[in-house]
Amino acid sequence: MKLTLKIWRQKDANSKGSMQTYPIDGVDGDMSFLEMLDVLNDGLINQGEDPVVFDHDCREGICGACSLMINGEPHGPDRLITTCQLHMRRFNDGDTIVIEPFRAKAFPVIKDLMVDRSSFERIQHAGGYISVNTSGNTIDANAIPIEKEDADASFNAAACIGCGACVAACKNASAMLFTSAKVSQFALLPQGKVEATRRVLNMVEQMDKEGFGNCTNTGACEVECPKGISLENIARMNREYLSASLKG
Amino acid sequence: MISSSIARKVAMALSGLFLVFFLAQHFTINITSVIAPDIFNSWSHFMGTNGLVQGILQPILIFGVIYHFVMGFILEIQNRKARTVRYAQFKGGTNSSWASRNMIITGLVILAFLGLHFYDFWIPEIVHKYIETHPEDPTRYYAETVHKFESPVRVTIYVVSFILLILHLWHGFSSAFQSVGFNNKYSKGLKLFTQIFAVAIPVGFIFIALYHHFNQIPH
Amino acid sequence: MSLDSKLPKGPLADKWTKHKNDIDLVNPANKRNIDVIVVGTGLAGGSAAATLAELGYNVKTFCYQDSPRRAHSIAAQGGINAAKNYQGDGDSTYRLFYDTIKGGDYRSREENVYRLAEVSGNIIDQCVAQGVPFAREYGGLLDNRSFGGVLVSRTFYAKGQTGQQLLLGAYSAMNRQINRGKIKSYNRHEMLDLVIVNGKARGIIARDLVSGEIQRHSAHAVVVATGGYGNVFFLSTNAMGSNVTAAWKIHKRGAYFANPCYTQIHPTCIPVSGDHQSKLTLMSESLRNDGRIWVPKSKEDAEAIRTGKKRPTELKEDERDYYLERRYPSFGNLVPRDVASRAAKERCDAGYGVNKTGEAVYLDFEAAIMRYGSEQAAIEDIQNPSKEVIREMGEKVIEAKYGNLFQMYEKIVDENPYKTPMMIYPAVHYTMGGVWVDYDLQTTIPGCYAAGEANFSDHGANRLGASALMQGLADGYFVLPYTIGDYLADDIRTGPISTDSPEFEEAENNVRSILDKLINNNGTKPVDHFHKRLGKIMWNKCGMSRNEKDLKDAIDEIKALREEFWKDVKVPGGLNEVNQELEKAARVADFLELGELFAKDALHRNESCGGHFREEYQTPEGEALRDDENFMYVASWEYKGEPADAVLHKEELNYENIEVKTRSYK
């Protein structure tokens, strides 16, 4: 099929960017979206132009590297997948596809469609861990039974791939879903409860420092999350935060 | 504490819930103007003259309203700053409700309406009670209220405002529970309740307005 | 230089404990004065970095991704083995050790593998303490599943995302140390050379992939944990960025490269659909617990299916050839990966393949769906359930077990795997070969260590499912942090290493000259063009089965392709900016050298073992035929300028605790 691509091009972080139009032909329905961009780039390189820069790595929906706002939605129109899992059969011959980077003040553009998500890193540095030593002996893994429901809920929160679609989808560019997923994973486990107070206070403080917006519960993040991380996590983080604040 | 995003959001939720409570109370009194004007007069008289209501509840309410609006603005400004370059294409409609994305619009209209409402009712009341001195008349409320709905323009504004209030409550009421951390197996039922409330109360107010408009009593 | 594996003496079961007692330690105050560079932040690198920092060393980590959490360990689906014997099915350290040695076709080191089995239980304890949400039973205890090549259930898992959860665990441990200031993490940085000062690894040259800056970083030791080199095949289940560069650069600086030809071709991947394809997607091996693999019994049916005239569901039971169950009745569909892959290739080569390309077999869940459905109906006390009811209930059970995998399949192939059998075909997945290391995980360069998939040590010629995660974490959490101390104990008075030495200068210039050459090459073809051609050579001639002629051709072809690459590759853009084509070009340049050594290694190994199958060496039934007399050694290659000139060093393998047998899964 033949498509028209409108792609955000920006030379580097300090330059002003703009939307550029590229026609592309010979797109196959079995191609993934990123393979379609590979074809585009091949053509651009052959014409002596700069290929479009975008983040990607595992191409199987788990590393969280790929991003892209496709036709106004993070990871494109399909649900519960990342851009690398989106296939071109989802589009029709003659379609125009608008491709932009994930946009947030806390996700500055590095080049073209590649953004800097190190704000997420810093939130995790602030408290995304349990303070146990990694070497040497610890108690047996089965010493503390954990209710299956809690373990499963913790896993569901931990399934977050840190792609940033929640921020991109949120009209306020809020990072609450991401942060709450990490807070929840640990808050739901007995091992994580020990330092829950410190963790939630520090992580939320860092999140605020990074310049993300405030959560207004629109729920867009949950809908667009490729891993289906639930809004319940945000509610849980609010609870955790409130009780942590009251504790001091 | 109020400097953190979650604290602000909780404050927003609590003030909102307080206003929702006030709204329910306001409606309960107003609906008596349709059912039983005498009760309306006596309740209005109580609210208008009781020291506790006037001296303590009323300031708290005004503070709640102002706080909710000011905080709403601050949040909106911050949220806009969180995305400096806008998207060329943004399909918010595919993943969230219009009401949830446009609380600032519905809120602003409601604010404007509140201005009108204050001009219509509250200021004359204050003037009537505290600036000019009138002999106390516990039966004046009903007629005054009904006469306010004589003008079709005012009624139209009133109706439109309440439609926007539906939208504001549609998202805001249930959202407040999420903000204070309430999201569990009861949330589905609670959400249904909030949505019924969000429609029923403003529609009730609209009904009252239209009822009085079409059932005017002589001056 | 002869190879010294530094294997501890004494009884097998005591070696590791004894070794730990014998090695030198660095006191905590001195650790503060010692810097360690860790390149790669997957399970091995991430866990090593966290533990080293926790012990008190100053750690610098490097990864090309924008976050350590995106390392490709994250994509491991199935699980992690540990000899916990929680299921009470007779598992033990010895049995895990034995299974791993046997699974590796008697080509791995006893001592390393025993140590791996020995620390495996501790890994699970550690991960649970870190908050890794493993699957649990209703009683609150950890659940296990079984994997190919073994007869016990010892695999711990977190749905189909075990690698993700373990990596996030290691990453969280890193975060703790980053927050403490003990790890400085350099993301979007790629190591492009190793710096050796006075015979010791003392630093690296890295490129900042955002600014393009070439940087010098010094340390008292360098750990390379950069994963495998499966992308030499272009199409593999590896991430797009996975590469051999760090491992290859240290090879060129003196680290021997061991058994490069040992490649694992994973049997259950989604078949290739066309030329545009950039990568292959794995479907977890756990699917083989419930799926039955088959092809049509007759070629006519296979042909009819290929051309779309017949649907697989139209074939009756007796028209299907469940070839794994037929050939290997005792292990059936759960034979090890190399065996399953080769069997699939054998059927497809014989003309029984099923998709358009003829390179696919079926993985069928029909039997499992009906079996689970009946069980469920009995549990729910439904009398005489109809077939539809049973199917519906069975599908629900399958969905609960493999829902995410089925969904992934449907997204890619656009077919509903609950209704039509899945199509699968083997794909390159893991490389058992890698940088040669001794018992301490030290390479032949003093002070340079290799951990995880990047080294060669534990899996022999074939890796068992759910063992890669185990090895990565064993190396990083429990082995390397101890053994490196033995080396660093001599460095407590060295002080900071200067980056102004001529050695750093030379290494930086070396990197610059390569990158400059690539950028100013003015060729005509993009990097991918060469990478795809290399991949085709590798897959066709060094793939699932190899022969002398093909391997000789491959060597010539790769050499010619390498020359063409340097003449004709086109790299747009500049050095001092984000330049993904330049990154790719530098990686492919290394693959073009490794590929040749790979073929050379495969050519020299005149036997079939594990993932290395030479057509000349097979039994009449088509099973791999080992030559223990002549090839029971690790082939370790020393770099001498050109891959063709590489010099072979043999490390003989001695099995004192295991009887070496023909590997049989019949």
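**Core and chain contacts in a predicted model**

User: What makes the largest nonpolar core a core, and which residues touch the most other members?

Analyst: It has 322 residues, and A:Val167, C:Val223, C:Val224, C:Val361 and C:Val435 touch the most other members. A nonpolar core is a set of buried Ala, Val, Leu, Ile, Met, Phe, Trp, Tyr and Cys residues joined through C-beta atoms within 7 Å. Buried means that 20 or more other C-beta atoms, placed from the backbone, lie within 10 Å of the residue's own. Helix H17 (residues 580–604) of chain C gives the largest share of this core, 13 residues. A helix here is a DSSP run (H or I, at least four residues), numbered from the N terminus.

This is a predicted model: local features need pLDDT of at least 70, side-chain atom pairs count only at pLDDT 80 or more, and totals for chains, interfaces and linings use all residues. Residues are numbered from 1 along each chain as its sequence is written, while chains are lettered from A and ligands numbered from 1 in the order in which they are written.

User: How do you know that chain C is in contact with chain A?

Analyst: Contact requires C-beta atoms, placed from the backbone, within 7 Å. 66 residues of chain C are in contact with 63 residues of chain A. H6(C) supplies the largest share of chain C's side, 9 residues.

User: Why are 24 residues on that side of chain C called nonpolar?

Analyst: Because Ala, Val, Leu, Ile, Met, Phe, Trp, Tyr, Cys and Pro count as nonpolar, Asp, Glu, Lys and Arg as charged, and the others, Gly among them, as polar. The side also has 26 polar and 16 charged residues.

Note on methods. Buried ≥ 20, exposed ≤ 12 C-beta atoms within 10 Å, placed from the backbone. Helix = DSSP H or I, 4+ residues; strand = E, 2+ residues; numbered from the N terminus. Contact = placed C-beta atoms within 7 Å.
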